[in-house]
Amino acid sequence: MTRILTLETTCDETAAAVVTEELEVLGAVVASQHELHTRFGGVVPEIASRAHVERILPVIDETLQQAGVSLEDLDAVAVANQPGLAGSLLVGLMAAKSLCLACDLPLIAIDHLQAHIYACRLASGKDVFPCVGLIVSGGHSNIYRCETPLDFTALGGTIDDAAGEAFDKVASMLGLGYPGGPAIGKAAEQGNPTRFRLPRPLVSDSDRLEFSFSGLKTAVRYELFGTGRPAMGADAQLDTQLVADMAASFQEAVVDCLVSKAMLAMRKTGYQRLCIGGGVAANTRFRQQVEAAAAEAGYELHIPPLNLCTDNAVMGAIAVERFNAGQFESLDLDISAGLVR
Ligand code: KG4
Ligand code: ZN
């Protein structure tokens, strides 16, 4: 039986998993750092990389224990080496290379965004390719044509902020803490999504497969505090109902943008299958709306369960595809922090 150890340290989760050729998950651990970043309202790269250094070995140990395997039982080590925070990526890559060198194992590279889409393959238990892939995470909002698990072509993406980043920044303005997505989702449950009329950037442009969330974020700020220099977060005294209404109005605007561009990508490609991944795909309102839109158009839709939407190493099982295709890396492999299209 082929067993691959997968490592994930692209942002603020330190995660490892052992997966088999049959995509069985033998062990999986995620150590979140959210508590370290909460008071800053977002991920602090230097803190994230230091925390990865402290956690990576215990996380690997615990994963192997869970899987009931030792290092000698492994057939390869795979690591997400792009895209992400440079310092964070380096910790995972160095850990993977060290294991490969010490145990004479082949090294496999994982593209973190492709892995987010592959989570749909794992969750559905069946082949989901070809498909349109939409990734909505803290760092990325991208649309891909995914021919096979190893062949992705970028169709579009955000021209400024990622959707998750906008959730996090607006949550910070509303004093809701980090990570902002779940907090906004919860506050929005009590809110009126029509109280604030917020823009839906680029939605009316039916040619462009692009997102823009920066102006939406600014629109929220102006609604809340005017155009001057505002008190924000914990300093701002915002009424609970206003916070709920703004959370709901903002969430609705982001969801409208995501759903409309996902449907545009489906029409443009002529594909019938849509796979969605990334932390924002955990948003309840987004799931409802994209499900409704896909059902109306007759598209097959895949969104993983919540624990496979946010960062994890199980989705690194895409490494099995590379293993089977003989796509291994030399120990010169580097990180690539930015998006490689
Ligand atoms: O994919 P992910 O775990 O990490 C990155 O690769 O960036 O995504 C994290 C992002 C954060 O911005 C977080 O606020 C957002 O996903 N998120 C959500 C929800 N859960 C996490 N956004 C909206 N609603 C949620 N329920
Ligand atoms: Zn991610």
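Reader: Where is D104 found?
Author: D104 is in the loop between α3 (86-103) and β5 (107-111). Helices (H or I, at least four residues) and strands (E, at least two) are DSSP runs, numbered from the N terminus. Please note that this is a predicted model, in which local features need pLDDT of at least 70, side-chain atom pairs count only at pLDDT 80 or more, and totals for chains, interfaces and linings use all residues. Residues are numbered from 1 along each chain as its sequence is written, chains are lettered from A and ligands numbered from 1 in the order in which they are written, and side-chain values use heavy atoms, leaving out hydrogens and water.

Reader: What is the phi of D104?
Author: Phi is near 55°, a positive value in a residue other than glycine. Most residues other than glycine have a negative phi.

Reader: What makes the bond from F129 to P130 cis?
Author: Its omega is near 0°. P130 is in the loop between α4 and β6 (131-136). Another cis peptide bond joins Y178 and P179, with omega about -5°, and P179 lies in the loop between α5 and α6.

Reader: How many residues surround ligand 1?
Author: There are 20, and the closest are G138, D168, G181, G279 and D311. A residue counts if one of its heavy atoms lies within 4 Å of the ligand.

Reader: What makes the pair between D168 and ligand 1 a polar contact?
Author: A polar contact is a pair of N or O atoms within 3.5 Å; within protein, one must be able to donate a hydrogen and the other to accept it, and residues adjacent in sequence count only if both atoms are side-chain atoms. A polar side-chain atom of D168 is 2.7 Å from an oxygen atom of ligand 1, so the pair meets that cut-off. For G138, a backbone N or O atom lies 2.8 Å from a ligand 1 oxygen atom.

Reader: Why is ligand 1 said to lie between domains?
Author: Domain 1 (3-116 + 309-324) and domain 2 (127-308) both give residues to its shell, so ligand 1 lies between them. The bounds come from an automatic or database domain assignment.
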